[in-house]
There are 2 protein chains.
Amino acid sequence: MEQAMRLDDLETPFVAIDEAVLDANIARAQTVVDSAGITFRPHIKTHKLPFVAQKQIAAGASGINCQKLSEAEVFADAGFDDILITFNMIGASRLVRLATLNARVKLTVTADSPEVVGGLGAAFDAANPLAVLVECDTGAGRCGVQTAQAAFALAQEITAMPSLRFHGLLTYPLPNFETRVQAFFAATLALLEQAAVPCPIRSTGGTPSLFNAALVPLATEYRAGTYVYNDRKILSSGAIEVTDCAMQIWATVVSRATENRAILDAGSKTLSSDLLGLSGYGLLPDYPNATIDGLSEEHGHVDLSHCSKRPTIGERVRVIPNHTCVVTNLAETVVFHRDGAVTQILPVAARGRVW
Amino acid sequence: MEQAMRLDDLETPFVAIDEAVLDANIARAQTVVDSAGITFRPHIKTHKLPFVAQKQIAAGASGINCQKLSEAEVFADAGFDDILITFNMIGASRLVRLATLNARVKLTVTADSPEVVGGLGAAFDAANPLAVLVECDTGAGRCGVQTAQAAFALAQEITAMPSLRFHGLLTYPLPNFETRVQAFFAATLALLEQAAVPCPIRSTGGTPSLFNAALVPLATEYRAGTYVYNDRKILSSGAIEVTDCAMQIWATVVSRATENRAILDAGSKTLSSDLLGLSGYGLLPDYPNATIDGLSEEHGHVDLSHCSKRPTIGERVRVIPNHTCVVTNLAETVVFHRDGAVTQILPVAARGRVW
């Protein structure tokens with residue numbers, strides 16, 4: 001790559017990452033979690049790139065968090081050796097792959113039912129046991145045991161299996177649920193302590209609550225992904241500024257069919273149709289009163305009716321997406337830059353790894 | 001690939017295409033458009049696979065329709081020689097690529113403004129002129145000139161350029177807008193006829209209105225994509241049955257945290273968050289009273305409260321997605337089968353080609 005290449009030279013649409021903002025986001029989050037006296041384990045779902053995860057480890061992260069085994073395999077191949085997969089592992093061939101990975105890296109997974117624990121127990125070996133965290137539902141309504149009693153019972157089942165090692169508790173809470181997380185951990189720890197079952201890890205997470213990491217004193221680990229790039233959803237929480245958004249999609253206005261309508265060459269295949277409770281599909285920082293009020297697959301529909309200044313056909317505009325993680329997953333490549341000078345263009349290493 | 005491999009042997013989540021249903025969908029659509037006495041040009045956005053487009057051509061399609069130049073390049077490399085790109089082409093390097101493609105295949109593009117026509121005119125050469133259709137907005141509110149007078153004026157601008165060839169009119173209408181499409185074409189054709197400007201192509205399209213292709217007598221060409229696989233959105237129109245849906249996503253129930261909740265290992269990275277005005281993110285044909293009421297990136301949240309029969313942890317279920325095109329664009333590979341026996345697994349050749 002020539003040093004002289006600039007974002008202005010690239011064909012739209014493309015996903016641009018400002019490395020200076022990225023580095024600042026990584027440093028700030030690590031400082032916040034360090035201040036809470038706990039370890040930080042970034043979730044790679046947001047970037048899916050060893051290049052960015054290496055920056056996170058260099059800043060002090062203890063390891064990485066993946067959501068799927070196929071992602072973990074990509075990162076193990078890239079040299080990462082401490083990986084948590086926060087997913088219930090089910091299926092004969094998947095468990096074979098999991099055991100192969102457990103022989104290569106320091107691996108931890110989660111479980112929330114006797115069925116999952118039973119499958120793990122049968123697939124592993126006491127010579128190289130698998131570390132398992134019990135996932136707890138503290139109100140988000142996804143996976144996770146529902147009560148401290150159920151968490152304790154599942155921890156006992158794990159402990160009873162020679163091929164598994166009970167390693168602790170994990171939750172993915174809703175924002176501002178610190179009190180409930182702390183209470184769930186406390187109640188479970190009390191039961192575990194009575195039974196003399198050690199529980200070294202109590203893991204919580206989520207970017208929206210990152211700056212409140214200290215509000216769960218029983219936590220030992222924090223996980224977050226989105227903070228690394230940030231997006232319009234995190235902006236809406238008030239925790240960050242537009243200038244903290246490292247990811248911007250560059251697009252071109254390809255049609256101005258009417259006075260109040262602009263059409264971009266970036267649609268749902270670039271921006272994704274994730275709304276996350278927001279109105280509109282992204283923010284145009286240069287046209288803050290414009291709204292992306294609809295998406296076709298290759299067209300972004302922009303309503304200009306509240307704009308005084310309006311973009312012209314052929315003009316390039318930037319978009320801060322609603323949800324940065326899904327944009328990464330749609331892109332073939334991501335363009336890194338400093339002040340508009342391209343530093344590198346990387347294929348998204350773990351894109352589409354859903355199995 | 002071994003002949004004996006079956007869908008049951010594959011790890012979830014994956015995208016399965018029933019070849020018998022696919023072949024029937026292709027044959028039926030071709031018959032409908034043939035009966036209307038016009039040509040059929042399938043849109044490749046739904047499958048993004050030369051393998052499927054070859055079936056469409058073999059059934060009688062006149063050529064293919066792409067949405068982006070990068071898709072057209074993939075299909076030209078695969079041997080397709082009659083390609084329509086329904087997009088305004090803007091930008092110096094893109095126009096160079098477009099001219100390269102025009103030297104290789106019979107190429108047609110669309111335009112809806114003097115700015116786009118001016119750019120095309122300057123980038124092409126009278127020795128190998130580019131065929132251009134004027135895109136008309138017949139009510140869908142995306143790209144397209146707004147009136148017959150504007151269409152006529154733009155056709156004259158194209159005709160005046162030695163490097164371009166005015167080839168006709170194109171619209172992407174809303175469903176049941178046949179009367180408006182016919183009226184727009186009629187009014188524009190009247191103006192063109194007065195000026196003795198030939199207009200060989202009048203192209204309309206859309207899967208929801210496919211069975212009404214005969215209702216626009218002035219049309220010469222029909223374009224459609226989704227019909228090839230079908231999806232829950234087309235199902236909701238009443239034009240097809242569940243058995244006409246060639247695409248199903250196979251997923252596994254990984255959690256039953258509560259009596260009324262099942263969590264699948266397929267989330268928005270597999271099913272996409274496209275709602276298209278529907279409620280819920282897909283249909284479970286084996287559990288028709290279940291609703292996929294939420295998606296995380298890797299988790300599908302299923303509400304079982306209206307189900308008498310309920311899936312167990314580890315059970316594999318099938319999902320008919322809301323929008324088949326975006327599922328294709330998310331997938332690394334697609335699995336073709338006949339009665340559950342895998343016939344081939346293909347990487348999605350034009351996935352992510354948005355530029």
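Biologist: Is A:S93 buried, partly exposed or exposed?

Modeller: This is a predicted model, in which local features need pLDDT of at least 70, side-chain atom pairs count only at pLDDT 80 or more, and totals for chains, interfaces and linings use all residues. Residues are numbered from 1 along each chain as its sequence is written, and side-chain values use heavy atoms, with hydrogens and water left out. A:S93 lies in helix α4 (residues 92–102) of chain A, helices being DSSP runs of H or I with at least four residues and strands runs of E with at least two. Buried means under 20% relative accessible area and exposed over 50%, with a 1.4 Å probe and protein chains only, so A:S93, at 34%, counts as partly exposed.

Biologist: How much area do chain B and chain A bury between them?

Modeller: Buried area is the accessible area (1.4 Å probe) that two parts lose on being put together, summed over both. Of the area buried here, 50% is on carbon and sulfur atoms, and the contact (heavy atoms within 4.5 Å) takes 57 residues from chain B and 57 residues from chain A. The value for the two chains is about 4600 Å².

Biologist: How many salt bridges does the rule find across the interface of chain B and chain A?

Modeller: The rule asks for a side-chain nitrogen of Lys or Arg within 4 Å of a carboxyl oxygen of Asp or Glu. One of these pairs is A:E297 with B:K45, whose closest N and O atoms are 3.7 Å apart. Across the interface, the number of salt bridges is 18.

Key
Chains are lettered from A and ligands numbered from 1 in the order in which they are written.
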